[in-house]
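I opened this one up to jot down a few things for my notebook. Here is what I looked at, in the order I went.

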Amino acid sequence: MSLHPTLQPYADAWTHSIEAISELVGPLAEGEWNRRTPCPGWSVRDVVSHVIGLDCEMLGDPRPIHTLPRDLYHVTNDQQRYTEIQVDVRRHHTAPEMTSELEYVIIRRNRQLRNESRDPGTKVRGPLGAETTLEESMRKHAFDVWVHEQDLRAALGRPGNLDSPGAHIARDVLLAKLPEVVADMASAPRSSAIVFDVHGPIEFLRTIRVDIQGRGTLETAPALGPAATLTLDWETFVRLACGRVAPEAVADRVKAEGDPELTSAILRNFSVTA
């Protein structure tokens, strides 16, 4: 392998998740591709189309030339319009067309990863022409594909892989967003601490400290006398953070202690994915 050691965990996580997706959808009957997923506005076919599109972009394939219909209620901004092109262009594809394209893109991506010798800091093109590093691109890609694997599992009633390599990357990606959620979006009081106690297949205890300037930082040290504590299971944490469920729908799975206005504000702003 010529892949840089820093990038290997992201390649391993992608491989694990994409193979799981292939196994999940391979046996599906035509009608099952139309099942609704927790991803707003998307069916099983749509999620798989998106995953295929993500990998086509990682391969540097030209984007489809396609005009979106005007009645897609879940598409409200440029980022979503950009993403939806790869989805809508495949909306009438049959099950065999979907699975064969997925298998082909997996083969091509595996070949690309075997030959990848660039440095993690190499600049690459991201969505909407944004520039990012190869490491950040591969991290986000591994995260996205794992989250969409979970969307498919929820839609098909096949739970699993909540502690897979992709899940551990998702944990780190979502934890990195928490200071913004707490300090900026929920406007937690200055000089306060908010604790997140997550249990289940992946467990962690993290503190977000808000300093006197109102800036939030992520810490592993527990806080004495926090302004608020949120205790919840890992699956619920992911579903909330990825915007797959409203806080009211999982109120019985979240134990909120401390300032009720603060905990409500945090939960209202918990979704961090575009």
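**Entry 1: the core.** I'm working from a predicted model. I started with the largest nonpolar core, which has 76 residues. Which residues have the most contacts inside it? I found W234 and I266. I then listed what W234 touches, leaving out residues up to four places away in sequence. The partners are W146, L162, A167, A170, R171, V198, H199, P201, I202 and F204.

**Entry 2: α5 and α6.** Next I took helix α5, residues 134-156, and helix α6, residues 165-185. Their axes come within 9 Å and cross at roughly 115°. I count 65 to 115 degrees as roughly perpendicular, so that is how I logged α5 and α6. The crossing is left-handed. From α5, the contact uses R139, A142, F143 and W146. From α6 it uses G166, A167, I169, A170, V173 and L174. By class, I get eight nonpolar residues, one polar and one charged. I noticed that W146, A167 and A170 from this contact are also among the residues touched by W234.

**Entry 3: V89.** Last, I went to V89, in the loop between α3 (78-88) and α4 (95-114). Is V89 buried, exposed or partly exposed? Its relative accessible area is 29%; buried would need under 20% and exposed over 50%, so I wrote down partly exposed. Setting aside neighbours within four places in sequence, V89 is in contact with P64 and H66. I also checked V89 against P189, 100 residues apart along the chain, and their C-alpha atoms are separated by 46 Å.

Terms used: Residues are numbered from 1 along each chain as its sequence is written. This is a predicted model: local features need pLDDT of at least 70, side-chain atom pairs count only at pLDDT 80 or more; totals for chains, interfaces and linings use all residues. Side-chain values use heavy atoms; hydrogens and water are left out. A nonpolar core is a set of buried Ala, Val, Leu, Ile, Met, Phe, Trp, Tyr and Cys residues joined through side-chain atoms within 4.5 Å. Buried means under 20% relative accessible area, exposed over 50%, partly exposed in between (1.4 Å probe, protein chains only). Contact means heavy atoms within 4.5 Å. Helices (H or I, at least four residues) and strands (E, at least two) are DSSP runs, numbered from the N terminus. Axes are lines fitted to C-alpha atoms, for helices over the stretch in contact, and angles run from 0 to 180 degrees between N-to-C directions. Angles under 35 degrees count as roughly parallel, over 145 as roughly antiparallel, 65 to 115 as roughly perpendicular and the rest as oblique. A crossing is left-handed if the near helix is turned anticlockwise from the far one by less than a right angle, and right-handed if clockwise. Ala, Val, Leu, Ile, Met, Phe, Trp, Tyr, Cys and Pro count as nonpolar, Asp, Glu, Lys and Arg as charged, and the others, Gly among them, as polar.
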